[in-house]
Amino acid sequence: HSQSGLRVYRGRGNPAADGPQGIEAPTKLLDTGQLNGRLPSAGLASYSKLDEQTATRWVKSNITTGENNFKWVMTAKHKTNRFRYYMTKPGWNPNAPLTMDEMELIGIVGQPIGQDLPPGQGFMVNDTETHRIKIPADRKGYHVIYAVWDINDTINSFYQAIDVNVQ
């Protein structure tokens, strides 16, 4: 139920990816490694085209190192544990399926990972959420940012792959 508003999310305008709000799957699938190779689709067959990964497959948004804004526009609000942002590491292989081994955590908004609040006690999101996330200075060229919204009132998270060109 979100849209990564200041960045082009993977699959925008692509019928295979009707809209980012559909990419919802159980949080535990990510945390147990079951989404490796299927991170953009969150393992959902209807979004499997988003898992295609080559250096030239996706449109990239230009960004710089340092602080960047990431805006979420909520189409449905949920109580929340956290938003987390990962980014591909220096030297990652842009022609191989995305896995968490290729990702580094670059930012968290909300509860630390592994410290979920009791169900129903998460923080309520606003209609729009803007997060300032620091892009590491050692990133240049093509990278993928993987944004995850961990819901508190369900067992699910929402997943977004954002293809960027770090200038």
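Two strands pair if DSSP finds at least two bridges between them. Strands (E, at least two residues) and helices (H or I, at least four) are DSSP runs, numbered from the N terminus. By that rule, β3 and β7 are joined by eight bridges and run antiparallel. This is a predicted model: local features need pLDDT of at least 70, side-chain atom pairs count only at pLDDT 80 or more, and totals for chains, interfaces and linings use all residues. Residues are numbered from 1 along each chain as its sequence is written, and side-chain values use heavy atoms, with hydrogens and water left out.

- Asn69 stands opposite Arg132 in β7.
- Strand β7 covers residues 128-135, and its side chains alternate.
- One face of β7 carries Glu129, His131, Ile133 and Ile135, which are buried. Buried means under 20% relative accessible area, exposed means over 50%, and partly exposed lies in between (1.4 Å probe, protein chains only).

**Aromatic pairs**

- A pair of aromatic rings is described by the distance of the centres and the angle of the planes.
- Rings of Phe, Tyr and Trp (its six-membered ring) pair if their centres lie within 6.5 Å. Planes under 30 degrees apart count as stacked, over 60 as edge-to-face, and the rest as tilted.
- The count by this rule is seven aromatic pairs.
- Trp72 and Trp149 form an edge-to-face pair, with 6.2 Å from centre to centre and 65° between the planes. This pair links distant parts of the chain: Trp72 is in strand β3 (residues 66-73) and Trp149 in strand β8 (residues 141-151), 77 residues apart. Both Trp72 and Trp149 are buried.
- Trp92 and Tyr142 have ring centres 5.2 Å apart and planes at 65°, so this pair is edge-to-face. Here too, distant parts of the chain are linked: Trp92 is in the loop between β4 (79-88) and β5, Tyr142 is in strand β8, and they are 50 residues apart.
- Trp92 is buried because its relative accessible area is 8%. Tyr142 has 13% relative accessibility, so Tyr142 counts as buried.
- Ring pairs also link Trp72, Phe83, Trp149 and Phe158 into a cluster.

**Charges over rings**

- A charge sits over a ring if NZ of Lys or CZ of Arg is within 6 Å of the ring centre and within 35 degrees of the ring normal.
- Arg57 has its charged end over the ring of Trp58, 4.1 Å from the centre.
- Lys60 lies over the face of Tyr142, 4.4 Å from the ring centre.

**Salt bridges**

- Side chains of opposite charge can pair when their charged atoms come close.
- A salt bridge is a side-chain nitrogen of Lys or Arg within 4 Å of a carboxyl oxygen of Asp or Glu.
- The structure holds 10 salt bridges.
- Lys77 and Asp127 form a salt bridge, with the closest N and O atoms 3.1 Å apart. Lys77 is in the loop between β3 and β4, while Asp127 is in the loop between β6 (123-124) and β7, 50 residues apart. Lys77 counts as partly exposed because its relative accessibility is 43%.
- Asp116 forms a salt bridge with Arg82, the closest N and O atoms being 2.4 Å apart. Asp116 is in the loop between β5 and β6, Arg82 is in strand β4, and they are 34 residues apart.
- Asp116 has 47% relative accessibility, so Asp116 counts as partly exposed. Arg82 has 2%, so Arg82 counts as buried.
- Arg82 also meets Asp150 in a salt bridge (2.8 Å, N to O). Arg82 lies in strand β4 and Asp150 in strand β8, so the pair ties together parts that are 68 residues apart in sequence. Asp150 counts as buried because its relative accessibility is 1%.
- Salt bridges link Asp31, Arg82, Arg84, Asp116 and Asp150 in a network.

**A nonpolar surface patch**

- Leu105, Ile108 and Ile113 make a nonpolar surface patch of about 210 Å².
- Patches are made of residues with over 30% relative accessible area and no salt bridge; like charges are joined within 9 Å, and nonpolar side chains (Val, Leu, Ile, Met, Phe, Trp, Tyr) within 5 Å. Accessible areas come from the Shrake-Rupley method with a 1.4 Å probe; for residues, only the protein chains shown count as cover.
- Leu105 lies in strand β5 (residues 103-110). Leu105 is partly exposed because its relative accessible area is 35%.

**A backbone detail**

- Ala42 has a positive phi of about 55° although it is not a glycine.
- Ala42 is in the loop between α1 (27-31) and β2 (61-63). Ala42 has 2% relative accessibility, so Ala42 counts as buried.
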